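Open your viewer and keep the sequence panel at hand. This tour goes from one selection to the next and says what is there at each stop.

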Amino acid sequence: MALPVEEWQGRTARLWAALDPALRERLAAASLHDAVRLGCDLLRTEEEEEAALVRLCHRARTDKEPAAASWYREQGNREFGRCQYREAVRLYSKVASHEPPGSSEVSVCFANRSAALFHLGHFEVCLEDIGRAERHGYPDRLLPKVLVRKAECLLCLGRLQDAEDALRVVDSKIATDGLMTSPTHQTLLKKLSQLKVKLREKEKCPEPAQEARSDVQGKSEIWEENVSISGASSSLSLNFDTERGRHLVASQDIVPGQSLLKEEAFVSVLCPGESLPLQDGETAWDTRATNADLYCHRCLRQLLASVPCQGCSYAKYCSQDCADVAWEQYHRTECSLGALLLTLGVFCHVALRTVLLAGFAEVSRLVGWSHSGENDLQHPEAGCKHLSEAPDAGAGARGIPGCDSSGQYQSSYQALFHLLPHTEQHSPEHKFLCTLSVVAICKQLQAAGLEAAVLSQESPEQCSKPKTSEKTSDELCPELRTVAEAMLRHMLQLQCNAQAITVMQELGPGDGAVVNKKPVRLATAFFPVLSLLNHSCCPNTSVSFSGTAVTVRASQPIPSGQEVYHCYGPHRCRMRVAERQQQLLRQYFFECHCRACLEELESGVKSVVSIRNSFCCPKCRAQMQGEEDTLCCSNEACAASASRENLSCRLWDLQQQIKKALELLRVGKADQAIKMLMKCQMDAGNFLSPEHLLMGEMEDHLAQIYATLGKWQEAARHLKKSIEIVEMHHGPASVETGHELFKLAQILFNGFAVSEALSTIQRAEGILSVHFGPQSPQIQELQEMKACLSELPRNILHRT
């Protein structure tokens, strides 16, 4: 959720409509500085709005709740008892997040989670949880059981000396505590004896060390960094003109797959994901996993056993190191504001974290400088006019805004600050919403006594309150008004410059022979260098993410002198030109004149998207056409007609039936799912084009079901049909086709179709290496499959 919750948007919209027209006019024309000042005055007098915001925050639970911890523990124990260890791990993580610091139950939670991790075979992570249990004061009487588990993990990892030391500690513990006679203790002693036998056997016959396969390793990429643009390749140069603003151009011929940009996000905020809203008085908690449960809140690494924040139940990290760094950089300020930040949306959260990471000194310096040319900063050409006055902007900057005194464009706060906020293009209502939201955050910072931490970036315990001018208790101090102004600038910038960090997320448990994945928006980030790339509906680059880092690669040959383009979302393969133009103008405030748009607009040829995703005549199966509500058959001899609304309703009903079929698969009713999807295919054939994307999706779903049943030939047959449709829509070298070929390679590999699998692997590898590079996990898996198949006896290779 980028913007605030709907209720807050609705309240600010009603407040805007109720304002005196003269005041609305002042706010609409106000500079960022004046907008904050007026917003502070308004929110100070509108006590009802502040009270409403407090009520909304109560719905976003981020505090520690012992009752929730107790409830999640019961759920986790139940799943553990059912041998659903993956689910148990996730629920025990929720327990850890809700236990207050110092609670005796925290250590038990980590010990329970370690048991589930052991059953899943995650021995290293299991050891980490055992260490956490010990550090948090795990009960002495229960310690032998956990220490035996520790010895088992070490034994499984081949760390024989450490395993022996751990067993010695257990022996000592048992001897100190005296003879244990209960059935549980007797079972423990038996397991201890068995472990000692295993240890002696391993010491006598150690397992041979596995040789690393050099042929499976991906090729290393050649990389030479640009001296003027941080994180960019030396094959690029930074240009500027009044029409295109800052943009990157190839300074030499570039080949497909070549890395052009590698940049760490200046700031990123995890998108929380959907969660069921809880009603007042409810005592149950949501057990579903969202992004907040699955990924580290700092580095975005996928979580297995999270480390919780000590102050809130929301923030979770992959390690204590990540938790400590996040606390020092920003979370000590954000921790108590969790509910407010979730209520006001990700854009507001990104804006706050940006100023926290930049530091008040740098924020104040650039905000102060911006006042000297406030109006000019709204226009691309104005960047040069006031550049000589900007901090660190010397003659070497060549008139390009955001460069430092040596002419370098760094991934820095200065570069980020120079991204255009488009203040004049945003609607007055949107600016009003953003203004009240950032003012609300700053007022809460002041009310919670956190302004000192924000302004000096020291913890409240380490610093004294900064001296400010006299103010009433409801009035923001001047420094926090500066923070609010910077936040407002960043919130407006995000509409045009926010980058969605996406990941390929597994559908289902991810432990099957064929892993099905879909792209998911994981976080929202600022990438100052990536923001230099202008949009094209048919881009010449491909963008991928690893944690908080982005890599841009050429997806096609780019000759020297040609501009390097990135797609902002509207792509010629997914939208018609009119839809693309409308979305780009509404969100990014420009009319697209890329090659794809000009070709469609000038030729007058109907978009291939509308042709392939069209309705077809129920009588003769020809394409239905028309812009009005009534569509007519394109076959003049047929002359049939149909209501667009009626066909759209049929399409919606079909999509609901497909969802029901997938739900049947999820609960293990594969045969029923197949029957339902087959019926959906028959129904779709009566009114959808054979090339419609939904036809391809149904083939893909059928392939998935047959793969779960181990019917590899049937799975491959359906997936090949899906690939044909994907290629028609996205192209034979597209990343979408690459993902489908990867799944086909898995199916053919498992079905032992050796020669076909090898050729599919080669094709998938060629496509995916262009988009993700030779070191990507998918390429590594493809190479492992190829190596495995290549080692088969020659007679099998020739026979298949």
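In which helix is H701 found? Select H701 and you land in helix α27. Before moving on, note that this is a predicted model, in which local features need pLDDT of at least 70 and side-chain atom pairs count only at pLDDT 80 or more, while totals for chains, interfaces and linings use all residues. Residues are numbered from 1 along each chain as its sequence is written, and side-chain values use heavy atoms, with hydrogens and water left out. Helices (H or I, at least four residues) and strands (E, at least two) are DSSP runs, numbered from the N terminus.

**Stop 1: around H701**

H701 counts as buried, at 15% relative accessibility. Here buried means under 20% relative accessible area, exposed means over 50%, and partly exposed lies in between (1.4 Å probe, protein chains only). Now show the contacts of H701, where contact means heavy atoms within 4.5 Å. Leaving aside neighbours within four places in sequence, H701 touches I658, L662 and L677.

**Stop 2: the sheet β13-β14-β15**

Next, select 624-625, 630-633 and 641-643. These strands form an open sheet of 3 strands in the order β13-β14-β15, with antiparallel pairing; two strands pair if DSSP finds at least two bridges between them. β13 (624-625) and β15 (641-643) are the edge strands, each with a single partner, so one side of each has no neighbour in the sheet. Between β14 and β15 there are 3 bridges, and L631 has A642 in β15 as its bridge partner.

**Stop 3: aromatic rings**

Colour the aromatic side chains next: the structure holds 11 aromatic pairs. Rings of Phe, Tyr and Trp (its six-membered ring) pair if their centres lie within 6.5 Å; planes under 30 degrees apart count as stacked, over 60 as edge-to-face and the rest as tilted.

Zoom in on F80 and Y85. Why is this pair edge-to-face? The ring centres of F80 and Y85 are 5.2 Å apart and the planes stand at 70°, so the pair falls in that class. F80 is partly exposed, with a relative accessible area of 25%, whereas Y85 counts as buried at 16%.

Then go to F615 and F687, whose ring centres are 6.3 Å apart with planes at 25°, so this pair is stacked. F615 sits in the loop between α24 (608-612) and β13, and F687 in the loop between α26 (670-685) and α27 (693-708), so the pair ties together parts 72 residues apart in sequence. F615 is buried at 12% relative accessible area, and F687 is buried at 2%.

Now pick F266, Y413 and F417, which ring pairs link into a cluster. A charge sits over a ring if NZ of Lys or CZ of Arg is within 6 Å of the ring centre and within 35 degrees of the ring normal. K262 also lies over a ring face, that of W223, at 4.5 Å from the ring centre.

**Stop 4: a hairpin**

Select 236-241 and 245-250. β1 and β2 form a hairpin with 3 residues between them, and 6 bridges join these antiparallel strands. L238 has L248 in β2 as its bridge partner. In β2, 6 of the 6 residues are buried, so the strand is largely enclosed by the rest of the structure.

**Stop 5: helix α16**

Show residues 360-370. Buried here are F360, V363, L366, V367, W369 and S370. These buried residues pack against α15 (346-358), α18 (413-417), α20 (451-456) and α21 (478-497).

**Last stop: colour by confidence**

pLDDT is the predictor's confidence in each residue, from 0 to 100. The mean for the protein chain is 85, and 85% of its residues reach 70 or more. Over residues 374-397 pLDDT is below 50; beyond near neighbours in sequence, this stretch has 60 contacts in the model. Residues 458-472 stay under 50 as well, with 24 contacts beyond four places in sequence.
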